[in-house]
Amino acid sequence: MIAVRTPQAIAADFPILRKPTSRGKRLIYLDSAATSQKPQAVIDTLVTYYSEYNANIHRGVYEIAERATEAFEAARVTVARFINADYREVIWTRNATEAINLVGYSWGLQNVKAGDVILTSQLEHHSNLVPWQLLAEKTGATLRFIPADDRGVLQLDNLDRLLDGAKLLAISHVSNTLGTITPLDRVVPAARAAGATILVDGAQGIPHLPVDVKELDVDFYAFSGHKMLGPTGIGVLYGKRALLEAMPPFLAGGDMIRKVEYEHTTFNDLPWKFEAGTSNIADAIGLATAVDYLTEIGMDWVRAHERELLGYALERLAPLESRGLALYGPKDPALASGVLSFNFADVHAHDLASILDTEGICVRAGHHCTMPLMEKMGWPATARASFYIYNSNADIDALAEGIEKAARVFKL
Amino acid sequence: MDDFYRDFILDHYRNPRNFGKLEAPSASAEDLNPLCGDTIRMDFDVHNGVVRDVRFSGKGCAISQASASMLTETIKGMRLEEVAKLSKDVVLENVGIGISPTRMKCATLGLRVAKSAAIGEIAGWPDEE
C-alpha cells in the first residue's frame, strides 16, 4: 500500500498520458466519462493473457485452459468483492447498456404488465431510457420521470406519488452529462416502500464512488469496465440472487446450458445461465486488474480527489463567466461527481472542443446521449470536461487557458 | 484546426448569408448530423430548372453554418442538375484547408442537404419522352 497518493504519481502509471500529442502538447485527458485511460497494469494483464495462457474456458482440460478458467472466475470474485456481492450475482456483459437490456428483456418481459409504471428520471442516458421505452411498448406499461430542476438536481418532493403503481425504478447513480449524484439513500427506501424493483445504472457511479450493493439495497446495478480503468467490451450486471434465479435466460447458446436434448434444455446455474457463448475472457481478467488498482488507491480517495477537482474547476473557471462562460449542473462538489458541462459565448461546443484539441485538451462536445435532457434545458450542445484519478489542478488550469484561447480565436 | 477559424469563416458564422426560409419554396430538404445534432434546412426557388433563390436555416457549429452560408452563394443561379452533381470539393474550395476528418461531416452537412433538395426536385420532374 502506498500511503500518500498524488494524481501526478497516478498519472505516471498511464502510458498514454506520457505521450505528447502530434502538436507536441501534453495530453490533457478530460473525457473520462466517455472512457477512462488504462494503467500499465491493465495493459500488461491483457498482453500476458494473450501471450501466455489464451484458451477457451470451462471446457479445456489442458494446463493453459485451466489457468484461463481460473483467472476468469477469480476476476468475477474480485469484482463481486469490490461491490460486496456474491460471485453468483455478478453476470458478465459487454457493458452497462447490455446489462440494462438483459434486465429489460428477461426480468422486464416476465414481470412488467399493462398498466404498470416504470419510473426513471429526466437525467438519464439513452441507455437507461430507450430499453424502458421498448419494454413499455411491448407490455403496455407507462413511463414516468422524476423531474430535474434547471441545475440538473432531481426534484423528489412528489417522489411517493411518482412511485405509485411503479413496478420498476430505473435510475442512474450519477448523471453522465451534469455529474449529479442521485441521492439513492432517499430514493431507494421510497421505491422499496412502494414495492418497486430497483435498477441503478452505475456506468458513471462505480468508477467514481464507493459502491456497496447491499448497503445501497438495490436489486440490479449495471456498469461498464472501460469507464473504470478496465478494457472496453466487458461490463457487469449485478442482480440479487433470488431475482436472477427466477429470471429466464436472455441469450441462448453455449456455456449457459446444463443439458441439451433436441427438444429441451436445462439451463446452467448462476451466474453462467446469463452468459451465452464464449465470454470476453481477456477483458474480464483485465477488469479485475483495474478493480485491484482502484482498491489499492481506495474509492474514498477517488471520491475526495474528484470533489476537490470539481471545486477547483468551479473556482478557476468562475472569472470566465462574465465573459460568456455558462457552467451547467449543480455547481456544488457535494452534489456532483467530477463532471462539468459548459458553453462559451457564441462558440459552439464542437468548435470549442476543436480549439481545445489544438492544446492537447480532450473534452466531449454534443448531446452526450441525453437528447431529451438537452431539449428540456434548451441546450443544442454542451462541452463536457470530466475528471478522474490522473487529473490534477494543472489540467484544469490548462482548460481555463484553452477557453481563453477560444476567446482569442473567436475574437471575443 | 485553430487556423480554420479565419475572419471570413467567423463572418459567415455570425452573419450568415441567405439565412431564413422561403415562403413557398419549390424544393426543400432538411437533415441533421446525428453525431452532434447540427441541423440544416435548405429552401430553393426554382425557375426553368435554375435555382433563382435559396435560403438556409439551422443550428450548429461555425463549420457547418459557415459552410452552408457560403454554399448558398455558390448555388444561387446554378442549374439543379449542377447542384445535384456537386462534390465536397466545392466545400473545400469555399472554406479552404484545415478541417480535420471528423469535422468534415459538419462542413458537408449543408452540401448534403442542398443536393438532396436538388435531386428530390429533379426526381419529381415529368419524364421527357
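**Exercise 1. State the secondary-structure content of chain A in this predicted model, and determine whether its radius of gyration agrees with that of a compact globule.**

Solution. Step 1: the predicted model gives chain A 14 helices and 15 strands.
Step 1: for 412 residues, a compact globule would have a radius of gyration near 22 Å.
Step 2: the value for chain A is 22 Å, so the two agree.
Step 3: the C-alpha trace of chain A spans about 75 × 55 × 35 Å along its principal axes.
Step 4: buried residues account for 49% of the 412 residues of chain A.
Step 5: among contacts in chain A that link residues at least 6 apart in sequence, 72% join residues at least 24 apart.

**Exercise 2. Describe how chain A is divided into domains and which elements supply the domain 1 side of the contact.**

Solution. Step 1: domain 1 of chain A comprises 7–30 + 298–409, and domain 2 comprises 43–296.
Step 1: the C-alpha centres of domain 1 and domain 2 of chain A are 28 Å apart.
Step 2: across the boundary, 24 residues of domain 1 of chain A are in contact with 21 residues of domain 2 of chain A.
Step 3: on the domain 1 side, α11 (299–317), β12 (339–344) and α13 (371–377) of chain A each supply at least two residues.
Step 4: the largest share of that side, five residues, comes from α11(A).
Step 5: by class, the domain 1 side has twelve nonpolar, six polar and six charged residues.

**Exercise 3. Decide whether T78(A) counts as buried or exposed, and identify what it touches.**

Solution. Step 1: T78(A) lies in helix α3 (residues 63–82) of chain A.
Step 1: a residue is buried if 20 or more other C-beta atoms lie within 10 Å of its own.
Step 2: T78(A) has 20 C-beta neighbours inside 10 Å and therefore counts as buried.
Step 3: not counting residues up to four places away in sequence, T78(A) touches A288(A), V291(A) and D292(A).
Step 4: T78(A) and T289(A) are 211 residues apart in sequence, yet their C-alpha atoms are 8.8 Å apart in space.

**Exercise 4. Characterise chain B by its elements, its extent and its burial.**

Solution. Step 1: chain B has six helices and three strands, arranged along the sequence as α-β-β-β-α-α-α-α-α.
Step 1: its radius of gyration is 14 Å, close to the 14 Å that the globule rule gives for 129 residues, so chain B is as compact as a globular protein of that length.
Step 2: the C-alpha trace of chain B spans about 50 × 25 × 25 Å along its principal axes.
Step 3: of the 129 residues in chain B, 40% are buried.
Step 4: of the contacts in chain B with a separation of 6 or more, 65% involve residues 24 or more positions apart.

**Exercise 5. Describe the side of chain A that touches chain B.**

Solution. Step 1: 14 residues of chain A are in contact with 13 residues of chain B.
Step 1: helix α12 (residues 349–357) of chain A gives the most to the chain A side, with five residues.
Step 2: the residues of that side divide into five nonpolar, six polar and three charged.

Definitions and conventions: Residues are numbered from 1 along each chain as its sequence is written. Chains are lettered from A and ligands numbered from 1 in the order in which they are written. This is a predicted model: local features need pLDDT of at least 70, side-chain atom pairs count only at pLDDT 80 or more; totals for chains, interfaces and linings use all residues. Helices (H or I, at least four residues) and strands (E, at least two) are DSSP runs, numbered from the N terminus. The radius of gyration is taken over C-alpha atoms; the globule rule is 2.2 Å times the number of residues to the power 0.38. A residue is buried if 20 or more other C-beta atoms lie within 10 Å of its own, exposed if 12 or fewer, and partly exposed in between; C-beta atoms are placed from the backbone. Two residues are in contact if their C-beta atoms, placed from the backbone, lie within 7 Å. Ala, Val, Leu, Ile, Met, Phe, Trp, Tyr, Cys and Pro count as nonpolar, Asp, Glu, Lys and Arg as charged, and the others, Gly among them, as polar. Domain bounds come from an automatic or database domain assignment.
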